[in-house]
Amino acid sequence: MIIQALSFYLFAFVAIAAAVMVISARNPVHSVLFLILAFFNAAGLFVLIGAEFIAMILVVVYVGAVAVLFLFVVMMLDISFSELRQGFLQYLPIGGLVGIVLLAELLMIGGSWVIAPVAEGGRGFPVPPVNQVTNTHAIGKILYTDYIYLFQGAGMVLLVAMIGAIVLTLRSRPGVRKQKISDQINRRPEDAIEIKKVQSGSAI
Amino acid sequence: MSMNQLMPALPEIVLACTCMTLLMLGVFRGDSSTRSVSWISVLALVVVGVVLTSVQSGRMVAFGGQFIVDDFGHFMKWLIIIGSSLAIIMSINFNEQERIARFEYPVLILFATLGMFMMVSANDLISLYVGLELQSLALYVVAAFRRDSLKSSEAGLKYFVLGALSSGMLLYGCSLIYGFAGTTSFEGLATLFKGLGGTGPSVGLVVGLVFLIAGLAFKISAVPFHMWTPDVYEGAPTPVTAFFAVAPKIAAIALFIRVLTGPFGVLIAEWQQVIILISIASMVLGALAAIWQDNIKRLLAYSSIGHMGYALIGLAAGTEAGVRGILVYMAIYLAMNVGTFCCVLAMRRTGRMVEGISDLAGLSRNQPMLALALAILMFSMAGIPPLAGFFGKLYIFLAAIESGLYALAIVGVLASVIGAYYYLRIIKVMYFDEPAEAFDRTISGEVKVILVGMTLFVTFFIIRPDIIVGGAGTAARMLLAG
């Protein structure tokens with residue numbers, strides 16, 4: 001129990017510290033690296049509450065794909081982040097005001113919160129019971145049966161996104177040399193090499 | 001899950017499989033197959049229509065209640081099939097002339113159609129969102145389909161950014177509703193609201209509902225969420241604009257009707273005022289802003305904003321007569337818009353598209369038949385009696401008066417009188433202005449057939465209105481009974 005509590009505080013504090021560093025680091029590459037650290041700690045927190053599937057997905061998707069993509073963008077685009085941050089303090093008062101208004105609104109909504117009876121019932125008896133199946137198994141079970149329609153629909157959405165990206169950006173430009181495997185295989189030594197007799201003691 | 005449980009979704013399954021098959025065909029055969037892929041897509045849509053009719057009618061749910069089919073859905077899906085297939089046919093020659101013929105175009109239209117089917121059949125907040133996203137994503141791409149043109153890319157980008165914003169609002173609304181109701185299924189929500197009794201819904205639910213309405217209002221381009229419409233209509237290639245003007249609007253208004261009269265039907269007191277406001281604003285802005293337009297596609301954009309305002313009157317009434325009015329209105333709206341866009345496609349001078357209203361001058365002398373067809377369509381849009389457009393408005397206004405929404409009906413009539421000005425101006429330019437240079441006669445046979453068909457429908461609707469009105473009546477009765 002004590003180990004669990006200790007690891008919780010460790011993960012939580014490192015996550016918060018890393019998150020603070022993300023916005024305060026001067027070098028954007030450092031920011032992204034701190035972001036990765038924050039993700040890892042969040043994954044650790046998920047493991048602690050027994051949601052190992054989400055923890056692994058978080059690492060695979062956010063660290064493996066999103067953060068690396070960020071890193072590429074940051075390194076390849078020549079953006080001067082210090083310039084972008086120039087007017088940061090200047091907008092603080094008005095930004096803070098908007099933040100306070102939003103907070104007040106959220107509190108007002110929160111004040112009127114009534115937990116729906118249906119939701120309450122669902123929380124009391126999670127289906128299937130947590131101690132009988134692993135959560136990967138449980139998610140798979142409802143995703144491929146109860147929610148198969150939405151699963152397939154989401155697949156269609158991703159397919160359309162892929163087609164769209166290709167339609168809008170793929171151009172066949174003339175003069176681009178592409179690999180033609182059949183040409184490479186069909187090439188014979190006679191086409192590629194020329195043997196010349198070189199007289200000893202003279203240049204070609 | 002046995003095969004029988006999948007039967008209600010058979011049209012969607014056929015459509016999805018066709019999309020993927022055609023995609024493969026196009027990828028392997030290259031852009032030279034564009035013409036055949038387009039015609040096969042049209043054929044596939046017809047087949048889907050046949051399957052749709054053969055699927056046993058009546059109210060059925062599938063996939064654990066996330067998917068619903070009923071006569072209302074059938075009616076709307078038929079309209080969507082007509083809109084999509086006509087948009088593909090209209091594009092075939094146009095895309096070749098503009099050198100943007102690529103096989104992805106019909107495939108994307110089919111995917112958008114699939115998304116619209118899912119929207120019409122949504123019976124759950126999540127399936128609503130997935131269908132909407134599938135549709136929108138395909139539409140963003142076809143809006144920017146002429147990717148070398150700055151205007152088309154701008155249209156696509158603008159549509160994408162604003163569409164993503166509206167999807168965000170819609171999702172926010174859905175999550176609030178889910179948070180306060182504890183369920184996403186429409187049946188569950190309906191039961192919950194009926195059980196509320198006199199206490200009324202909590203504030204969070206109403207806020208969620210308003211966000212949901214805002215997200216949907218964006219999709220039908222109702223004021224105040226209309227800003228994207230004129231730019232996107234102007235920038236997108238003309239057949240795409242024709243498609244935007246009909247099919248997505250029909251799907252979104254179907255969704256609007258299903259959500260508001262279904263699960264939220266008992267909360268009519270909460271949403272009626274919002275719909276009335278949106279409706280009045282759309283009608284007035286559609287009528288006034290179009291007066292100053294010189295570009296015919298922008299004018300049609302404002303005209304469609306206005307038309308959506310009229311359709312929303314029927315929703316504000318919230319009765320069976322109102323829903324029937326909307327269905328009739330959307331069918332007639334489809335015919336008028338497709339016909340008008342066929343005329344816009346004919347506006348081509350020395351190989352380039354022209355879009356100014358003044359370019360129409362003298363059309364009555366150069367191409368009298370085309371001018372006559374456009375004149376009939378404009379008279380119908382303005383709602384001049386024996387034509388179809390008049391009946392669309394008539395059913396809507398009757399429903400409003402039956403429900404006691406006199407002010408709304410009066411505003412509607414006034415707005416349509418103002419709107420008549422700019423429709424009649426087009427006729428005046430065609431018949432009475434100094435003739436301009438003639439258009440090229442490159443309009444293809446298919447487009448001519450569509451134009452003649454739509455014009456005949458609009459002209460002779462009065463002879464057998466019962467075909468459409470009867471079907472709409474059955475659909476509306478079924479929706480509100482269930």
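Mentor: Helix 4 and helix 20 of chain B are oblique to each other, because angles under 35 degrees count as roughly parallel, over 145 as roughly antiparallel, 65 to 115 as roughly perpendicular and the rest as oblique. Their axes cross at roughly 135° and come within 7 Å. Such axes are lines fitted to C-alpha atoms, for helices over the stretch in contact, with angles from 0 to 180 degrees between N-to-C directions. Helix 4 covers residues 71–97 of chain B, and helix 20 covers residues 466–481 of chain B. Helices (H or I, at least four residues) and strands (E, at least two) are DSSP runs, numbered from the N terminus.

This is a predicted model, in which local features need pLDDT of at least 70, side-chain atom pairs count only at pLDDT 80 or more, and totals for chains, interfaces and linings use all residues. Residues are numbered from 1 along each chain as its sequence is written, while chains are lettered from A and ligands numbered from 1 in the order in which they are written. The pLDDT is the predictor's confidence in each residue, from 0 to 100; it averages 89 in chain B, where 98% of the residues score at least 70. For the complex, the predictor gives an ipTM of 0.91 and a pTM of 0.87.

From helix 4 of chain B, the contact uses B:Asp71, B:Phe72 and B:Phe75. Helix 20 of chain B brings B:Gly471, B:Ala472, B:Thr474, B:Ala475, B:Ala476, B:Met478 and B:Leu479. Contact here means that the C-beta atoms of two residues, placed from the backbone, lie within 7 Å. By class, the residues where helix 4 of chain B meets helix 20 of chain B are 7 nonpolar, 2 polar and 1 charged. Ala, Val, Leu, Ile, Met, Phe, Trp, Tyr, Cys and Pro count as nonpolar, Asp, Glu, Lys and Arg as charged, and the others, Gly among them, as polar.

Next, the nonpolar cores. A core is a set of buried Ala, Val, Leu, Ile, Met, Phe, Trp, Tyr and Cys residues joined through C-beta atoms within 7 Å. Buried means 20 or more other C-beta atoms within 10 Å of a residue's own, exposed 12 or fewer, and partly exposed in between, with C-beta atoms placed from the backbone. The largest core has 198 residues, and B:Phe111, B:Ile250, B:Leu255 and B:Met330 have the most contacts inside it. Helix 14 of chain B, residues 320–345, gives this core the most, with 18 residues. B:Ile250 touches residues including B:Met76, B:Leu79 and B:Met330. A separate second core of 11 residues has A:Ala18, A:Val32, A:Ala42 and A:Ala55 among its members.

Chain A itself has 10 helices and 0 strands, and 10% of its 204 residues are buried. Where the two chains meet, 22 residues come from chain A and 30 residues from chain B. On the chain B side, helix 6 contributes the most, with 10 residues. That side has 19 nonpolar, 8 polar and 3 charged residues.

Conventions: Lists of a residue's contacts leave out its neighbours within four places in sequence.
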